[in-house]
Amino acid sequence: MKPIGAGLACFDDKSRKALIVKSGYKDHWSLPGGVCDENESPKSTAMREAFEEVGINARSENVSLIGVEYNYISRAEHDRIYFVFATSLSESSRLTLQSDEIDQARWASIDELRELSSNFGVLKIAADWIENGTVQYADFGV
């Protein structure tokens, strides 16, 4: 079975920036997120992971689907489906980093999100949604 994951793009309405995280075990920046647990919906996963990784307690009614990414990860020799959700959050919000998993968190502009997206479309999906409200499906590594 394909791994299914989800991430939460926490964005600031005023600055139009999104919160990104750097995990100690990854070589790239991403959104707070992770793999769905058994019998857990992608939306619930995104909300749980944001709470676990950075202490964001998003309310379900304020979380919306903004994109889906299919990605073949050659180094892991598998493919995955990743759901991207969004919620509004002020840059001044207090963050609590999960010290055993998250090394850094910061706010990134639309241009920075695009620069950092490399072959992962999650950050590009977030950038496009913040800029023009586009909901996307993206194929990467196909």
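Reader: Which residues in α1 are buried?

Author: This is a predicted model. In α1, the buried residues are Thr45, Ala46, Met47, Arg48, Glu49, Ala50, Glu53 and Val54. They pack against β1 (4-12), β2 (17-23), β4 (33-35), β6 (78-88) and β7 (102-108).

Reader: What makes the span of α1 close to the expected one?

Author: Helix α1 covers residues 42-54, which is 13 residues. From first C-alpha to last, α1 reaches 18 Å. At 1.5 Å a residue, 18 Å is expected. The two values are close.

Reader: What comes just after α1?

Author: Gly55 does, with a positive phi of about 80°.

Reader: Why is Ser30 called buried?

Author: Buried means under 20% relative accessible area. Ser30 has 13%, so Ser30 is buried. Ser30 is found in strand β3, residues 29-30.

Reader: Which residues is Ser30 in contact with, leaving aside neighbours within four places in sequence?

Author: Ser30 is in contact with Ile20, Val21 and Leu123.

Reader: Why does Ala86 count as buried?

Author: The cut-off is again under 20%. Ala86 has 3% relative accessibility, so Ala86 counts as buried. Ala86 lies in strand β6.

Reader: What does Ala86 touch, not counting residues up to four places away in sequence?

Author: Ala86 touches Leu8, Ala9, Phe11, Asn62, Val63, Ser64, Ile66 and Trp129.

Reader: How far apart are Ala86 and Ala46 in sequence and in space?

Author: In sequence, Ala86 and Ala46 are 40 residues apart. In space, they are 9.2 Å apart, C-alpha to C-alpha.

Reader: How many helices and strands does the protein have?

Author: The protein has three helices and eight strands. From the N terminus on, the order is β-β-β-β-α-β-β-β-α-α-β.

Reader: What makes the protein as compact as a globular protein of that length?

Author: The radius of gyration is 14 Å. For 142 residues, the globule rule gives 14 Å. The values are close, so the protein is as compact as a globular protein of that length. Along its principal axes, the C-alpha trace spans about 40 × 30 × 30 Å.

Reader: What share of the residues is buried?

Author: Buried residues make up 47% of the 142. The accessible surface comes to about 7500 Å². Carbon and sulfur atoms account for 48% of that surface.

Reader: What share of the contacts with a separation of 6 or more joins residues 24 or more positions apart?

Author: Such residues account for 63% of those contacts.

Reader: How many positive and negative side chains are there?

Author: There are 15 positive and 23 negative side chains. The centres of the two sets lie 4 Å apart.

Note on methods
Residues are numbered from 1 along each chain as its sequence is written. This is a predicted model: local features need pLDDT of at least 70, side-chain atom pairs count only at pLDDT 80 or more; totals for chains, interfaces and linings use all residues. Side-chain values use heavy atoms; hydrogens and water are left out. Helices (H or I, at least four residues) and strands (E, at least two) are DSSP runs, numbered from the N terminus. The expected span of a helix is 1.5 Å times one less than its number of residues. Buried means under 20% relative accessible area, exposed over 50%, partly exposed in between (1.4 Å probe, protein chains only). Contact means heavy atoms within 4.5 Å. The radius of gyration is taken over C-alpha atoms; the globule rule is 2.2 Å times the number of residues to the power 0.38. Accessible areas come from the Shrake-Rupley method with a 1.4 Å probe; for residues, only the protein chains shown count as cover. Lys and Arg count as positive and Asp and Glu as negative; His and the chain ends are not counted. The place of a charge is taken as NZ of Lys, CZ of Arg, CG of Asp or CD of Glu.
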